[in-house]
Amino acid sequence: MFGLTFLGTSASVPSADRNHPGLLVEAGSERILVDCGEGTQRQLLRSGAGFRRLDRLLLTHGHFDHVLGIPGLFSTLRLQQSVDVMRIHGGPGTLDVVARMLAGLWGEGRRPIPLKLIPLKEGRIVDASDFTINCFRVRHRDTDSFGFTFESQARRHLLLDRLLALGVPDGPVRKALAQGKPVKLEDGRTIDPEDVLGPPAKRKKLVVVGDAETTDGLSKHVRDAEALVIEATFLDRDSAMASDYGHLTAAKAAELAATGNVRQLVMTHISGRYPEEEILAEATRIFANSRVAADFDHIVI
């Protein structure tokens, strides 16, 4: 299961209702921030999420509307002493932007909190006990941009009727079986995990894409996702302008969701030039289960 809290859903120019990009993903016991636009720390407070257990930051790319909130957030984390090590994952060029920004404020070689800068390359970047994160390349102007795939691990649950039929007591014995370990009961019988475990639960897949100038090559990464979070900065009538600025239209986002057999499309990076109803109407003509994200929306997958 994944929990998403949208901290900022605007395009490059914020509005009174939409902050610069930021998304909080709750995965297992971790809380992961995807992008950190200006004002993100304020949005964390207003959403009720706060700063606890916030020690990993995934950056889609290094444009300022996606990274300018980092210095303020890190300054607060330093004062609160709430982070042991902040892990920042980004393309090499993106990490260089972050390093130079922090050096300009705190001095060369000095950082407000302990940091680990981890350059991205396509493939697995996090392998936790109950979820994984992979990254893939995205084309957006002159940046080294990446998208992210979150996927829950396939878990198998104990079958209560089988446990009772075999006389397996509650407690450590059942815990061992749930972990896939055979156990020996007090009467000498050995119980194999396969005797009491059900079939694997369906994996849940979440895909997050930041800014993108094209959807070419993305279908294989978003395929069969429970939710696709992606930008929809322009409408199709302004597709030439979208191409010039390296962004997608709502129609292009919807086409990607449809071809990728996605269950739900969540559009973000919303431009103030369009009424939200127009963005939604353009997308739903192509892909019915579409929505336009708003700041502080919370979605559970």
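Cys36 is buried, with a relative accessible area of 0%. Cys36 takes part in no disulfide, and the nearest cysteine sulfur, that of Cys135, lies 19 Å away. This is a predicted model.

**Cysteines**
- The structure holds zero disulfides.
- Cys135 is likewise in no disulfide. Its nearest cysteine sulfur is that of Cys36, at 19 Å.
- Is Cys135 buried or exposed? Cys135 counts as buried, at 5% relative accessibility.

**Fold and dimensions**
- The protein chain has ten helices and 16 strands.
- Its C-alpha trace spans about 75 × 50 × 35 Å along the principal axes.
- What share of contacts joins residues at least 24 apart in sequence? The figure is 62%, taken among contacts in the protein chain between residues at least 6 apart.

**Burial and surface**
- The protein chain has 301 residues, and 53% of them count as buried.
- The accessible surface of the protein chain comes to about 14300 Å². Carbon and sulfur atoms account for 48% of that surface.

**Charges**
- The protein chain carries 38 positive and 39 negative charges.
- How far apart are the mean positions of the positive and negative charges? They are 5 Å apart.

How values were computed: Residues are numbered from 1 along each chain as its sequence is written. This is a predicted model: local features need pLDDT of at least 70, side-chain atom pairs count only at pLDDT 80 or more; totals for chains, interfaces and linings use all residues. Side-chain values use heavy atoms; hydrogens and water are left out. A disulfide is a pair of cysteine sulfur atoms within 2.5 Å. Buried means under 20% relative accessible area, exposed over 50%, partly exposed in between (1.4 Å probe, protein chains only). Helices (H or I, at least four residues) and strands (E, at least two) are DSSP runs, numbered from the N terminus. Contact means heavy atoms within 4.5 Å. Accessible areas come from the Shrake-Rupley method with a 1.4 Å probe; for residues, only the protein chains shown count as cover. Lys and Arg count as positive and Asp and Glu as negative; His and the chain ends are not counted. The place of a charge is taken as NZ of Lys, CZ of Arg, CG of Asp or CD of Glu.
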